[in-house]
Each structure stands twice: as C-alpha cells, then as structure tokens.
Amino acid sequence: MIDTNLIRKCKKGDSEARKIIYQTFATKMFAICMRMMGNKNDAKDVLHDGFIRLFEKIDTFRNEGSFEGWARRIFITSALTALRKRQIIAPVIENENTVSHIPESTPGVIASMEHNEIMRFIAELPPAYRTVLNLYSIEGYSHQEIADQLGISPENSRVQLLRAKQKLAQSLIKAGILTDNEI
Amino acid sequence: MKFDDIDKALRNKLYDAQDSDAPSWEEFRTRQSRPSSSRSFPMRRYAAMVAALAACIILAVFFIQPSIENFSPSIKHHTYTTPKVSIATDNKYLAAIPTEERPTKYSIKENIKQSHIGDTESSIESTDLTKVVAIDQPKELPETEKVNQQPTNQSKKQDKIENKNYNYYNRYNNYTPQKSTRPLLAISAYASLPNLGANVNSQSAGLSTLGMSVGEKIMFIQVGQYNQVIAFAQSDFSHKLPLMLGVNFDLDIAKNLSLSTGLSYSYLHSSAQSITNSFVHKYKQDIHYIGIPLAASYRFLSNKVMNLYATVGVGFDFVVAQRGVNDTYHSGTLTSSQNVDMNNDVFQFSANAGVGINFNLTNRLGLYLEPGVSHYVKSDNTPLTYRTQSPLQFTLKAGFRFSW
C-alpha cells in the first residue's frame, strides 16, 4: 500500500519518493510487461516508458481507488502502445493443428505450475492472442474494454480469447504437461 | 464478465507475480538521461524551415537589387538641362561665343566648372550653386563685375533664354539633394490575432446545434493496433484562438508603393471530445505553421506623424509540426493515450487584405496597427482547425517597423 504522503511528494517531483515508488512496483510491473511483450528487451523498454509516463501523469491521480490499479493501467497502455508501434499484433492465421476443445484438467494443471513456467507458455502465444488473454483473464478487462483498446469488436475479443486458451492448451499438451483425454 | 476456471487459475498465478529481473532504479535513471528518440525533431521539419528561410532570403535579395540602383539614380531621374554659363573674363573668349548665348549682364570672376548635374550627388558643390545664382543678384555679389553691356532693347529670344536660365538657377538653388523620407527597406515584427475575439467552437459558429448537420465534416482517427476508428464531428471540435508572430521585410519599389515578404509562425490548437459506450475520447491537436507572406502596399497618406496604407497579398503556410493525441478515459481514469497519425495537407494558401496605420515614433521606428481580412483556402484534407472552421477571418496585426 502506497502512502498518500509519498504520492504527494512524488507529485512535487521528489526524487527520493520516485525512487521508493519505483522500487515498490518495478518487479510487479516488469512481470506485467513481460507477459504483455513476451521478451525481456521489449519488456524493459515498456517498463521504462511506463514509469516515465507514470511520473508525468501522477498529477492526474486523485487518490480515488488503488494506486497500484492506476499504475497497472498505465503500464498496460504503454505495452499496447509499444505493440502497436512494433506492429506485431497482426490478425492470427489459424493453425489447423489448434485443438478445438480445452481439456477439463487444464485449470488444475495451470494451478500446479510455477508462474515462470506459465509465463513461458504465454510468451509463445501469438501477440494478438496473448494480448487478449492477458487483458481478460489476468487483468480483468471486459470484452468491451478490450474491444475499445484494440479496435476490434467484443465478439472478436471473445473469439480470440477462446483461441488463445485453445492454443495454450495445445502447447501444454505438446510439452507433456497436460493430457488430452478426448484425443 | 464470465470467468471460467482457466481465467481464475491464470489470474491467481500471474496477477501478483513479480519478476526480479526488473532493472534497478539506478539503471532506470541512467537510461532516462539518454536522449529519447521520440523527442527528436524529424529532419523534414528542419528541411521545411530551412527551405522557407531560403525562399525568404532569395525574395529579399531579389527585391533589394533594384533598390540599390534606385538610390543614387534618384538624382539622375531628376536631371535638368544645364543652362550655359559663359565665363567671360576676356573679350577674346566672348568673341568665340555666339551672340545669343553671351552673358547678358554679369559674369563671375572665378572659374565655375560646369557640373553635369545628375552625374553624382557629390558633383554638385554648394559654393558653385551660390555663385551661379549670384548672376541675377548683383547687389549682393561684390565679386562680380560688369563685363558686357548689351543694348536695352533685347530680343524676345534673348529674354526667353534668360528667363529660362533664371528658372533653372532657381531650381538648382532650391534643389537640395536629400535622403528620401520614405523608407527604402523596413523590417517589421508583429503579432496577429484573428476576429479580435474568443475561441471558436462549431456550435457557436452556427454550423450545427442538433447533432451533425448536413454536409458537416467528420474526422476519423485511427487508433490502436487494429486501427480502431473514432469519429469526431466538426461540431465536436473547439478551436483556440490562433496566434501569429512574424517578421516582414518591406521594400519600396516606387513612390508610395512597396512590396513585402517575410516569415510568419502560426500556432493552432484544437480539441474534440467524443463518447462511445462508456468511453470518453478526448482528442487534442497542435499544428505549427511557418508561412511566407507576399503583399503589396500603397501609401495614400504620409506625413511626419503617421502613414496610412492599404495592403493586399497572399500567404503560403507550411505545416512544420503537427501532433494529435487521443486520450481514452473510462470512469474518469485514463486508460489509453495514443498518438494519432495525421496525414493532412502540409500547405495552406490564403488571400489577405487590410488597411494599416503606422505611427512614426522616431525617424526609423514606427508602431503600426493593421486591421484586415484573410481568407484561408481549405481542401478535403486540410486539418480541422480554426482556419477551416472560419476561413474568412478578420485580423488585427500590431507591431513595430524599423526603416532604413
């Protein structure tokens, strides 16, 4: 929990306050950047841009709601901007090998995995799938919000989420972590 | 929002996950001090500014050239036929002079060079002129002496010649070559505001009061990696009062007529707001123009205190920088901020006219006010700005003018 005094000092440009905020959130925000970008170099760029934007925009934080939630939005926006600039979110060409169903044991298997391992599989997803999965499943965005952010329809967002999960399940099956009982 | 078990499992595992590979604060500070590529000024903007400046210099040189020729010949253009002044110190010289051309009453002891008036300004010596005039003023000129008595009944032809000579002398005497009171070259710095009023938005301009009127322009911007299209109607826009600053070079090309050119800078800021579903899109754009005005001015009143003039001309404005940002808010929280690619026309043409009054504060410095009217030509691809909102603008220029 960030102290409001710390935020006030940060708004005044206090370097020490900025340092504390950075050190408090850097590891968590870096994990978000890694999930969104899929590689460390891009994630570092987004983290850097995100903190610059955070310190620039901290005046607009009105102490309503969670500071961390507000900061997460900034980093996700930075990640989306970076993805758009790199033009790596392209419509996904359907892979014929994608499984058409998701094994029932998938949630349990995910729950038993280390988060680093899950991150590795998410990083392998096509950027468009990964983005929708991150935004909906982990960050809790609605399909309407995702649609507005990405410029797609809510239905398209739903379809991409389903395919992301199917693709994730397929990767887990290929890695031998998940067993497809219906095959 | 319907979460299934996979979503829950992913969220539980990853929402609060941390990655210890994050750069340290020191690394962040070190990287922050590096110049950011986004802050770099694109070369094409520099190129546009340099081109505008070069065009201005070329125009100035072009117009200055005839002025230099005009300066010294200002005497040459007022050349009078030189009367013949005979030097009669010896009768043998008089014999060589035709009778009708001989001096009638007095001559001058000293040798007076016959200056060809108009060769150069410096060739006219004031002492010479005084002595020449002295021919008809014998009482005041003790140096003169009577040398040749002519019959009292002179011929009409001789009288005519004398009168003619007398007029020439007077004109020479009265002619004192002076620097022209009108400025040959003037530089003015000014600021200009249109409409002398407040900011404009479409509704107050009467374009639309109920939604989108027929023929209303709609601007679409594309944001997001999927090129999401957000529409802003013309009536969604509000435009801040543009400010124009500039420097002009005025050059006199004829009596009361001058040409002017220079450089102007205009800043136009606009904003728009659109609401879709629960999202509020706030769009802001800043456009910077560098312009080259060309104008002709005619002074119809000029005295020591002030000048009144009328001016007509055209303006060529080039976009040197433009920036559009769309901020999306959800429940009052900024959710995204994206730069908008602006593929607008980079050139805008305008026609201008006005009348001005210049108060001469000193010999060289003047304060001028120039109310006028400008019409900005717009195309389908001209960015929505104050100038497209109200193409016909009443403007007021105010500035200082330095003259040489």
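# Briefing on a predicted two-letter chain model: A and B

In chain B, residues 24 or more positions apart account for 68% of the contacts that have a separation of 6 or more. The model described here is a predicted one, and chain B within it has a secondary structure of 8 helices and 15 strands.

**Nonpolar cores**

- The largest nonpolar core holds 68 residues, and the members that touch the most other members are Ile21(A), Leu47(A), Phe51(A), Leu54(A), Phe67(A), Ile122(A) and Leu10(B).
- Helix 2 of chain A, which covers residues 15-37, gives this core its largest share, namely 13 residues.
- Once neighbours within four places in sequence are left aside, Leu54(A) is in contact with Ile21(A), Phe67(A), Trp70(A), Ala71(A), Ile74(A) and Phe75(A).
- Another core, of 12 residues, lies apart from the largest one, and its members include Phe237(B), Leu268(B), Tyr289(B) and Val340(B).
- In soluble globular proteins, nonpolar side chains tend to be buried together.

**Salt bridges in chain A**

- The count of salt bridges over all chains comes to 12.
- One of them joins Glu68(A) to Lys28(A), with the closest N and O atoms 3.3 Å apart; because Glu68(A) lies in helix 4 (residues 67-86) of chain A and Lys28(A) in helix 2 of chain A, the pair ties together parts that are 40 residues apart in sequence.
- A network of salt bridges links Lys28(A), Arg35(A), Glu68(A), Arg72(A), Glu139(A) and Asp16(B).

- The side chains of Arg387(B) and Asp317(B) meet in a salt bridge of 2.9 Å, taken from N to O, and the pair links distant parts of the chain, with Arg387(B) in helix 8 (residues 386-389) and Asp317(B) in strand 11 (residues 306-330) of chain B, 70 residues apart.
- Arg387(B) is buried, with a relative accessible area of 3%, and Asp317(B) is buried as well, with a relative accessible area of 4%.
- Asp7(B), which lies in helix 1 (residues 5-14) of chain B, has a relative accessibility of 1% and therefore counts as buried; the side chain of Asp7(B) makes a polar contact with the side chain of Lys165(A), at 2.9 Å.

- Phe359(B), Leu361(B), Leu367(B), Leu369(B), Leu396(B), Phe400(B), Phe402(B) and Trp404(B) make a nonpolar surface patch of about 690 Å².
- At least two residues of the patch are supplied by each of strand 14 (365-376) and strand 15 (392-403) of chain B, and the largest share, 3 residues, comes from strand 15 of chain B.
- Leu367(B) lies in strand 14 of chain B and, at 30% relative accessibility, counts as partly exposed.

Technical notes: Residues are numbered from 1 along each chain as its sequence is written. Chains are lettered from A and ligands numbered from 1 in the order in which they are written. This is a predicted model: local features need pLDDT of at least 70, side-chain atom pairs count only at pLDDT 80 or more; totals for chains, interfaces and linings use all residues. Side-chain values use heavy atoms; hydrogens and water are left out. Patches are made of residues with over 30% relative accessible area and no salt bridge: like charges are joined within 9 Å, nonpolar side chains (Val, Leu, Ile, Met, Phe, Trp, Tyr) within 5 Å. Accessible areas come from the Shrake-Rupley method with a 1.4 Å probe; for residues, only the protein chains shown count as cover. A salt bridge is a side-chain nitrogen of Lys or Arg within 4 Å of a carboxyl oxygen of Asp or Glu. Helices (H or I, at least four residues) and strands (E, at least two) are DSSP runs, numbered from the N terminus. Buried means under 20% relative accessible area, exposed over 50%, partly exposed in between (1.4 Å probe, protein chains only). A polar contact is a pair of N or O atoms within 3.5 Å; within protein, one must be able to donate a hydrogen and the other to accept it, and residues adjacent in sequence count only if both atoms are side-chain atoms. A nonpolar core is a set of buried Ala, Val, Leu, Ile, Met, Phe, Trp, Tyr and Cys residues joined through side-chain atoms within 4.5 Å. Contact means heavy atoms within 4.5 Å.
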